[in-house]
Amino acid sequence: MSFEEKGAWLYLGAAVVTYVGYVVALLVRAGGAPPADAPWVSTMLGAIAASVVLSVVGQVVLGVARPSEAHQKDVRDEEINRRGEFVGGVTLGVAMVVPFALTLLEQPHVWVANAMYLAFTLAAVVGSAAKLVAYRRGFR
Amino acid sequence: MAKQTRVTNRIRTLRFTHDEMTQAELARRVGVTRQTVLAIEQGRYSPSLEVAFQIAHVFGVPLDDVFQYPDDGSADAPDRRDG
C-alpha cells in the first residue's frame, strides 16, 4: 500500500471517528434532553479540532514509520487524488443544498451548522472512498 | 472485480528477461512508486505516455514491444480532420 493510499485511509478514518464521536458526545451531554439543547457549539468545535489533529498526527506517524515512502508521490497518486477531490467536491456541492435550504427557511443555527458539518463529513468520506476504490480496483 | 484497462503489457516478461529486474528497481528507474508499477503490470492503471516511454527506455525496446492495444478494426478508419 502506497503512502498516499494510507493517507486516504487515515483521512477517511479521522472523518468517520470524529463525526461518530461528536454525535455520541452530543447525546451524552444532552443527558436525555433534545440534542439541540446540548452545548453543541463547543462539542462541534472540539470534534473538528480532533479531526484536524488526528489527520496531522496520523500523517506524521506514517511518515516516521516509513520515511522512505513519505515523499514518494507519483503521477498515479496525483491523478487519483484529483479524481477523489473532484468526487468530494461534487458531494459537498450537493450536500450543501440542505443547510442552504435551512437558512432560507430561517431555521435555528443548530440545524444549519449540523447540516454543514454533516456535508463536510460526507464529502470527506465519499472523496476518500473514491480514492481508495481507484487504488484498489484500478484507474484508467 | 478490478477495473481492467484495454492496454496490455509485457512488463513482467521484460523484467524477467532483464536479469529478473524487481518491480522496485523498475519503479526507481522510472521515478514512480512500486505500487504504480504493480498496478500497470496487472492492467489496473494505464500509465501516462511519458511513463510508458520511460518504461520502454529502461528495457531498451520500442514502446509497442511493451504496451499493446487490441486491434478492433478502428485503425483502418479514415482520419477525421477539420477542413
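Chain A has 5 helices and 0 strands, where helices (H or I, at least four residues) and strands (E, at least two) are DSSP runs numbered from the N terminus. Read from the N terminus, the order of elements in chain A is α-α-α-α-α. Along the principal axes, the C-alpha atoms of chain A fill a box of roughly 50 × 30 × 20 Å.

Some bookkeeping. This is a predicted model, with local features needing pLDDT of at least 70, side-chain atom pairs counting only at pLDDT 80 or more, and totals for chains, interfaces and linings using all residues. Residues are numbered from 1 along each chain as its sequence is written, chains are lettered from A and ligands numbered from 1 in the order in which they are written, and side-chain values use heavy atoms, with hydrogens and water left out.

Now the packing in chain A. Two packed helices are described by the angle between their axes and the distance between the axes. Axes are lines fitted to C-alpha atoms, for helices over the stretch in contact, and angles run from 0 to 180 degrees between N-to-C directions.

Take helix α1 (residues 3-30) of chain A and helix α5 (residues 109-137) of chain A: the angle is about 150° and the axes are 9 Å apart. α1(A) and α5(A) are therefore roughly antiparallel; the cut-offs are under 35 degrees for roughly parallel, over 145 for roughly antiparallel, 65 to 115 for roughly perpendicular, and oblique for the rest. Their crossing is left-handed, that is, the near helix is turned anticlockwise from the far one by less than a right angle, clockwise being right-handed. Residues in contact (heavy atoms within 4.5 Å) include W9(A), L12(A) and Y19(A) of α1(A), and L118(A), V125(A) and L132(A) of α5(A). By class, this contact of α1(A) with α5(A) has 14 nonpolar, 4 polar and 4 charged residues. Here Ala, Val, Leu, Ile, Met, Phe, Trp, Tyr, Cys and Pro count as nonpolar, Asp, Glu, Lys and Arg as charged, and the others, Gly among them, as polar.

What does α5(A) do with helix α3 (residues 75-95) of chain A? The two pack at an angle of about 150°, with axes 8 Å apart. That makes α3(A) roughly antiparallel to α5(A). The crossing of α3(A) and α5(A) is right-handed. Among the residues that meet are I80(A), G84(A), E85(A) and G88(A) in α3(A), and A123(A), G127(A) and K131(A) in α5(A). The contact of α3(A) with α5(A) divides into 12 nonpolar, 5 polar and 4 charged residues.

One pair here is a salt bridge: K131(A) with E85(A), closest N and O atoms 3.0 Å apart. K131(A) is in helix α5 of chain A and E85(A) in helix α3 of chain A, so the pair ties together parts 46 residues apart in sequence. The criterion is a side-chain nitrogen of Lys or Arg within 4 Å of a carboxyl oxygen of Asp or Glu. Over all chains, the structure holds 4 salt bridges.

Last, the interface. The contact takes 15 residues from chain B and 15 residues from chain A. The buried area between chain B and chain A is about 1300 Å², with carbon and sulfur atoms giving 47%; buried area is the accessible area (1.4 Å probe) that two parts lose on being put together, summed over both. Between chain B and chain A the count is 0 salt bridges.
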